[in-house]
Amino acid sequence: MFRNQYDSDITIWSPQGRIHQVEYAMEAVKQGSACVGLRSNSHVVLLALKRSPGELASYQKKLLRIDDHMGIAIAGLMSDARVLSTYMRSEAMKSKLMFDRPLPTYRIVAAIGDKAQVNTQRYGRRPYGVGLLVAGYDDAGPHLFECAPSGNFFDYYAVSIGARSQSAKTYLEKHFDTFAEASVEELITHGLRALRDTLQTDKELDINNCSIGIVGKGTKYHTIDGDAVQKYLDLLGDGNTGRTAPAPAAAGADDGAAPMDTDA
């Protein structure tokens, strides 16, 4: 029995109890550039590694604002991410208009999970090829969720998705017990170190390929890009200034978009 006998449609189970189309969608997430999320008792921090499809192109946006109390990081197909982010923004606006309150983080994450699950069950559809890290702060406190193409979602203290994300997870697992009482600057420093572990050996974090998103108690969601990132790169304190020399054209092409443009 061959795998391609059972992966022609989302409604077909393999004899091993697997749905290969869902597994392929999970692989699309792994081809996207890495994203890291960390949560303390009062704040959530998202960090994303941005890619440029070419030397003449700008770096693609990886962090999106959903509402004042919520933002997401993306790994995978950007086209699918746009659809899901638009849906999340629509639901956030409905909550404000109908109930005059911010949309609870768990509720929108569950809705995204339900929306993704439908595409794993109905004939003629395909799973979303994007993974989301959802950071939010509501009456229940700070939240950090991962949403997968399978429709599963999980609440985390710290998590990483995307290419070479296991290296970042290893770092987070070693230090996550200090995150609960950490300050925002300490969370960002840990996140940058974890994100740096996902880089290829000839790459470094700099102000162009790194984005930071912050939300928490008394802090509306906002992103930090460009020159403002430099002061956080300086916090690494181990020789990584964040300002690397311009890369040659070949190096830029090596870090370009993965197959199917699986880069957010």
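This is a predicted model: local features need pLDDT of at least 70, side-chain atom pairs count only at pLDDT 80 or more; totals for chains, interfaces and linings use all residues.

Entry 1: I then looked up its partner: Arg18 forms a salt bridge with Glu23, and the closest N and O atoms are 2.8 Å apart. Arg18 has a relative accessibility of 33%, so Arg18 also counts as partly exposed.

Entry 2: I next looked at Lys50 and Asp225, whose side chains meet in a salt bridge at 3.6 Å, N to O. I noted that Lys50 sits in the loop between strand S2 (43–49) and strand S3 (63–67), while Asp225 sits in the loop between strand S10 (219–224) and helix H6 (230–233), so this pair ties together parts that are 175 residues apart in sequence. Is Lys50 buried or exposed? At 11% relative accessibility Lys50 counts as buried, because the limit for that class is under 20%. Asp225, at 35% relative accessibility, counts as partly exposed.

Entry 3: I turned to Glu91 and Lys94, whose side chains meet in a salt bridge at 3.4 Å, N to O. Both residues lie in helix H2 (residues 78–99), and they are three residues apart, which is about one turn of the helix. I recorded Glu91 as partly exposed at 21% relative accessibility, and Lys94 as partly exposed with a relative accessible area of 41%. I also followed salt bridges that share partners, and these join Arg65, Asp68 and Lys220 into one network. For the count, I noted that a search of the whole structure finds eight salt bridges.

**Entry 4: cysteines.** How many disulfides does the structure hold? I found zero disulfides.

**Entry 5: the surroundings of Thr120.** I placed Thr120 in the loop between helix H3 (105–118) and strand S5 (130–138), and noted that Thr120 is buried, with a relative accessible area of 11%. The side chain of Thr120 reaches the backbone oxygen of Gln117 at 2.6 Å. Leaving aside neighbours within four places in sequence, I listed Ile10, Ile19, Val22, Pro149 and Ser150 as the residues in contact with Thr120.

Entry 6: I traced five strands that form an open sheet in the order S3-S4-S5-S6-S7, with antiparallel pairing. S3 and strand S7 (153–155) are the edge strands, each of which pairs on one side only. Neighbouring strands of this sheet are turned against each other by 25 degrees on average, direction ignored. As a reminder to myself, strands of a sheet pair through backbone hydrogen bonds, either parallel or antiparallel. I then looked at one pairing in detail: S5 and strand S6 (residues 141–147) pair in the antiparallel sense over seven bridges, and the bridge partner of Ala135 in S6 is Leu144. Last, I noted that H2 lies across S3, strand S4 (70–76) and S5, and that H2 runs at about 20 degrees to S3.

How values were computed:
Residues are numbered from 1 along each chain as its sequence is written. Side-chain values use heavy atoms; hydrogens and water are left out. A disulfide is a pair of cysteine sulfur atoms within 2.5 Å. A salt bridge is a side-chain nitrogen of Lys or Arg within 4 Å of a carboxyl oxygen of Asp or Glu. Buried means under 20% relative accessible area, exposed over 50%, partly exposed in between (1.4 Å probe, protein chains only). Helices (H or I, at least four residues) and strands (E, at least two) are DSSP runs, numbered from the N terminus. A polar contact is a pair of N or O atoms within 3.5 Å; within protein, one must be able to donate a hydrogen and the other to accept it, and residues adjacent in sequence count only if both atoms are side-chain atoms. Contact means heavy atoms within 4.5 Å. Two strands pair if DSSP finds at least two bridges between them. Axes are lines fitted to C-alpha atoms, for helices over the stretch in contact, and angles run from 0 to 180 degrees between N-to-C directions.
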